[in-house]
Amino acid sequence: MYSLWPNTQIMIILKRLLSSETYTYTDSRDQELIRTFVSTPVYTKLYLHSAYIYYVHYDKLILSEQGLIPVSDFYDREWLNMVNDENDEVPDVMRRSLRQYAFEKTETEVVSVSRKYYTSKNHKNYGIVTLNFMVEKVNERLKSFVNGEGQSIYVGYETGEILFEAEKIPGVDEQLLQSIMASGKEEMTILADGRKYIVYQMKNEHSGFTYLFMAPISEEMKLAFPLVFMIFGVMIVTAVLGIILSWIMTRRRYTLQNQVASIIEYYEKSGEYPEKLRQIGEEYDYFFQSVLKIFEEHRRAIILDYEKQIQLERAEIKTLQMQINPHFLYNTMETIYWKVMEAAKGYCPANQMIENLSDILHYSLSEGDDLVKLQDELETAEKYIQIQKMRFGDFFEVIYDKDERCMDAEVPKLFLQPLIENGIQHGLLAGCEMERPGKMKIKVRDQGKEVVISVIDNGVGVPESRLRELQRQLKEGKAGEGHIGLFNTNLRIRLHFGEQYGIKLYGRPGMGCVVKIRLPKRRHMVLGKGEENVSGR
């Protein structure tokens, strides 16, 4: 509705087609354009089955698959009950079994979402727009958000009907779910099949949908209160012991300070330690040297941690400066997409570029951890490469050599894009006049506890002196002049995973370059001088 109705040109074409009994070549072409326009959401969204647009005054129907046909020739008419002005009780969202043709043997479970539209003069019913969502596909989508055993997500409607569910939970039926929605409680506990569950409920007043998340209450929760009392007792004992030890250490330190002061005073007068305190003085000397050494190491650790924090803030400062309202950005890209389609009279390569750019922007601006799965990073990199090919033509080829065992490894978000961009700009584009065709290879290898990712190109390469300088700066974790993306990516990797990981650069003049990234297969967090694996969090 939002795409069609504000478009005056589309509406004029639709009215002409609906009122005509015969079709010219121009009418057929316009009808195909409108069918493509309506079919675009169905083709791009795997969970959409079909889309219908119905006009009351013309008794004709626009289908995403067939285009413009009479209503009398279409088998599926259950959703048309909404158009009847006298029947306002018909829900605009319903779950049903769909057969579009009489000869179909199997039915498809769908949820039909319909919206009426009205004339501008007297606000009379003008028609209806219906989208049919495949229940099975939406359920699969919901399953991706369920992590633990016995958990599930349900989607219901204001009529009380349950539309979608991620998993079936024993003892939880539609009647129980309807009673939960009717209660209106945001959080509650229930008993199903002898097992306790906690339920969180959220209602969307605008759409009428209700979302339920259900998870079992672990048996270990029964031990929570004894553990709290035990921890509280340990804290009290620890506090008392700490006070006693602090008093002992303070008294001892005061005694030591007095003894040291006596030694220093005697030494200032006589120039040597007193015989009876010589041994004590040697012990003090060793003690203070040890304390000073520990203090110096601690101070260095604090300074190093502070420098890392400053480097991380500098590495991310441009990203923070570039953040804008995501809704504004997505809406703008959507408007450009339809304007390009309108100008080109159909889908064109510019639409593909806009789709790829929108996906990359959505990926970069998405909230959450700075670490993502390698599979998602490779998919985003592929979209970036497609944009570059559309910009400069297919003057280079990209080969993917991936080890599927590494696809779940955690990597920094958008770390591949600057490396690929360096290879294209400084390697392939600089060598576009070379006789051999441009090639780039992205290789992923599993090396036990580590993942090695290589970005290889056969461009102009790097002079040896410049290559040695770049290698030295990468090893030291410094940011040199030029190649900001290369140094920034290396810095992010070392800050996330430790200084033993990062980027190595190889190449020869005229022979291309190899950028090799070494990462841990599982995420590690550096704690003091050791490391603790937190990948199973």
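**Notebook: cavities and a helix pair**

I started with the largest cavity, which holds about 60 Å³ of space. This is a predicted model, so I kept that in mind throughout.

Next I looked up how many cavities there are: the structure has 3 of 30 Å³ or more.

Then I listed what lines the largest cavity. I found L14, L17, L18, Q31, I34, R35, I62, G67 and L68. Helix 1, helix 2 and strand 3 (67-70) are the elements that each give two or more residues to this lining. Sorted by class, the lining comes out as 6 nonpolar, 2 polar and 1 charged.

Helix 1 and helix 2 turned up there, and I checked how they pack. Helix 1 covers residues 8-19 and helix 2 covers residues 25-44; their axes come within 10 Å and cross at roughly 120°. That angle makes helix 1 oblique to helix 2. I noted the crossing of the two as left-handed.

Which residues meet in this pair? From helix 1 I have I13, L14, R16 and L17, and they meet D27, D30, Q31 and I34 of helix 2. I sorted the residues of this contact too and got 4 nonpolar, 1 polar and 3 charged. Going back to the cavity list, I see L14, L17, Q31 and I34 in the lining as well.

Last, I went to the second largest cavity, with about 30 Å³ of space. Its lining is I360, E377, T380, A381, Y384, L414 and Q417. Helix 9 (residues 374-392) gives the most here, with 4 residues. By class I wrote down 4 nonpolar, 2 polar and 1 charged for this lining.

Key. Residues are numbered from 1 along each chain as its sequence is written. This is a predicted model: local features need pLDDT of at least 70, side-chain atom pairs count only at pLDDT 80 or more; totals for chains, interfaces and linings use all residues. Side-chain values use heavy atoms; hydrogens and water are left out. Axes are lines fitted to C-alpha atoms, for helices over the stretch in contact, and angles run from 0 to 180 degrees between N-to-C directions. Angles under 35 degrees count as roughly parallel, over 145 as roughly antiparallel, 65 to 115 as roughly perpendicular and the rest as oblique. A crossing is left-handed if the near helix is turned anticlockwise from the far one by less than a right angle, and right-handed if clockwise. Contact means heavy atoms within 4.5 Å. Ala, Val, Leu, Ile, Met, Phe, Trp, Tyr, Cys and Pro count as nonpolar, Asp, Glu, Lys and Arg as charged, and the others, Gly among them, as polar. On a 1 Å grid over the protein atoms alone, a cavity is a set of points where a 1.4 Å probe fits but cannot get out, and a pocket is an open set with protein on both sides within 12 Å along at least five of seven lines; lining residues have an atom within 4 Å of a point. Grid points are joined across faces, edges and corners, and a volume is the space filled by probe spheres set on the points.
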